[in-house]
Amino acid sequence: MKISKTINAAVFSAGCLMLAGIVVSCGSAKVEPAAPEPVPVVEEPKVEEVAPSPAPLEEEPTPVVEEPVVEAPVEAADADDEYSRSVGAVAVDRDTFVDDKEKVLRIISELDSIMKNLDYNSWLPYVEPSSIDYWKLRKNLQKAEKRLPVKGIKLRDLQDYFKQVFVPARKGRTVTEIRYISDSYIKAVQVQEREPGETEDHVTVYYYFNKNNGRWMVHLPTNEELN
């Protein structure tokens, strides 16, 4: 549009000049008409095509995933029940309970092998010193003789006690749980499920253990403790 207007203006100007010459020539000598001014060439500006900006991507909404409800396994619930039964009112944490039970059951497993072989000398290191000192005394062994289910058995020394009392009462028995009397004194027991109509399980005590300098050792109950 600008170029057309420029050209028209130029043509119009040239026409006016020619008209003026004609007018002038009418009243004077012949005058050569003026050459028309060249029409300027106007270059059209180059318009660069700009690629349209890409439309912003819409963010997809993050899906909401519901967390599955995990039910406590039956074994975990049983473990909790055993922990509660074992510690009772004694202040023992769960990790200590698991560690103590593992150690005690390992000791009992080793004692089973010793009892099968009636290996008295291998048995002694498992027994706490105070129990050894007590049951070495003849007077204490004589009191124990009276408690034996089979009459006439003589307990002359600690080795007789091991063979005639300790082994028969425990050989072939299965210990399944422990019970804390204190954090350093426990019972190792066998638990049998209650019969229909009964309110409590059957619990049989087979071992007592005292912790001596961080080590669980067999405690042999005295006559006074057994009364």
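A residue is called buried here when its relative accessible area is under 20%, exposed when that area is over 50%, and partly exposed in between. Keep these cut-offs in mind as you go through the model, which is predicted.

**Stop 1: helix α6**

Select residues 138-145, which form helix α6. Within this helix, Asn140, Leu141, Ala144 and Glu145 are buried. Turn the view until you look down the axis of α6. The buried residues of α6 fall within an arc of 150°, so they line one face of the helix. What covers the buried residues of α6? Show α5 (129-135), α7 (158-170) and α8 (223-226), which are included in that cover.

**Stop 2: the whole chain**

Now zoom out and colour by secondary structure. The protein chain has eight helices and four strands. Follow the chain from the N terminus, and the elements come in the order α-α-α-α-α-α-α-β-β-β-β-α.

Of the 227 residues in the chain, 26% are buried. Contacts can also be sorted by how far apart the partners lie in sequence. Among contacts between residues at least 6 apart, 53% join residues at least 24 apart.

**Stop 3: confidence**

Colour the chain by pLDDT. The mean pLDDT is 78, and 66% of the residues reach 70 or more. Select residues 1-33, where pLDDT stays under 50. For this stretch the model has six contacts beyond four places in sequence. Then select residues 68-72, where the pLDDT is also below 50. Beyond near neighbours in sequence, residues 68-72 have zero contacts in the model.

**Stop 4: salt bridges**

How many salt bridges does a search of the whole structure find? The search finds nine.

- Select Asp160 and Arg156. They form a salt bridge, with the closest N and O atoms 3.5 Å apart. Asp160 has a relative accessible area of 12%, which is under 20%, so Asp160 is buried. Arg156, at 57%, is over 50% and therefore counts as exposed.
- Select Asp201 and Arg194. Their closest N and O atoms are 3.1 Å apart, and the pair forms a salt bridge. Asp201 is partly exposed at 28% relative accessibility, and Arg194 is partly exposed at 42%.
- Salt bridges that share partners join Arg85, Glu177 and Arg179 into one network. Within it, Glu177 forms a salt bridge with Arg179, and the closest N and O atoms are 2.7 Å apart. Both Glu177 and Arg179 are buried.

**Stop 5: Arg179**

Stay on Arg179 and show the strand around it. Arg179 is in strand β1, residues 177-182. Is Arg179 buried or exposed? With a relative accessible area of 14%, Arg179 is buried. The side chain of Arg179 makes a polar contact with the side chain of Glu177, at 2.7 Å.

Which residues is Arg179 in contact with, leaving aside its neighbours within four places in sequence? Select Arg85, Ser86, Tyr185, Ile186, Lys187, Val189, Val191 and Val203 to see them.

**Stop 6**

Most residues other than glycine have a negative phi. Two exceptions can be selected in this model.

Go to Leu118, in the loop between α3 (94-116) and α4 (120-123). Leu118 is not a glycine, yet its phi is positive, near 50°. Its relative accessible area is 42%, so Leu118 is partly exposed.

Then go to Asn213, in the loop between β3 (202-212) and β4 (215-219). Asn213 is not a glycine either, and its phi is positive at about 55°. At 86% relative accessibility, Asn213 counts as exposed.

**Stop 7: Arg173 and Tyr206**

Finish in the loop between α7 and β1, where Arg173 is found. Arg173 is partly exposed, with a relative accessible area of 42%. Arg173 and Tyr206 are 33 residues apart along the chain, and their C-alpha atoms are separated by 8.0 Å.

Methods: Residues are numbered from 1 along each chain as its sequence is written. This is a predicted model: local features need pLDDT of at least 70, side-chain atom pairs count only at pLDDT 80 or more; totals for chains, interfaces and linings use all residues. Side-chain values use heavy atoms; hydrogens and water are left out. A salt bridge is a side-chain nitrogen of Lys or Arg within 4 Å of a carboxyl oxygen of Asp or Glu. Buried means under 20% relative accessible area, exposed over 50%, partly exposed in between (1.4 Å probe, protein chains only). Helices (H or I, at least four residues) and strands (E, at least two) are DSSP runs, numbered from the N terminus. The arc is that of the directions from the helix axis to the C-beta atoms. Contact means heavy atoms within 4.5 Å. A polar contact is a pair of N or O atoms within 3.5 Å; within protein, one must be able to donate a hydrogen and the other to accept it, and residues adjacent in sequence count only if both atoms are side-chain atoms. pLDDT is the predictor's confidence in each residue, from 0 to 100.
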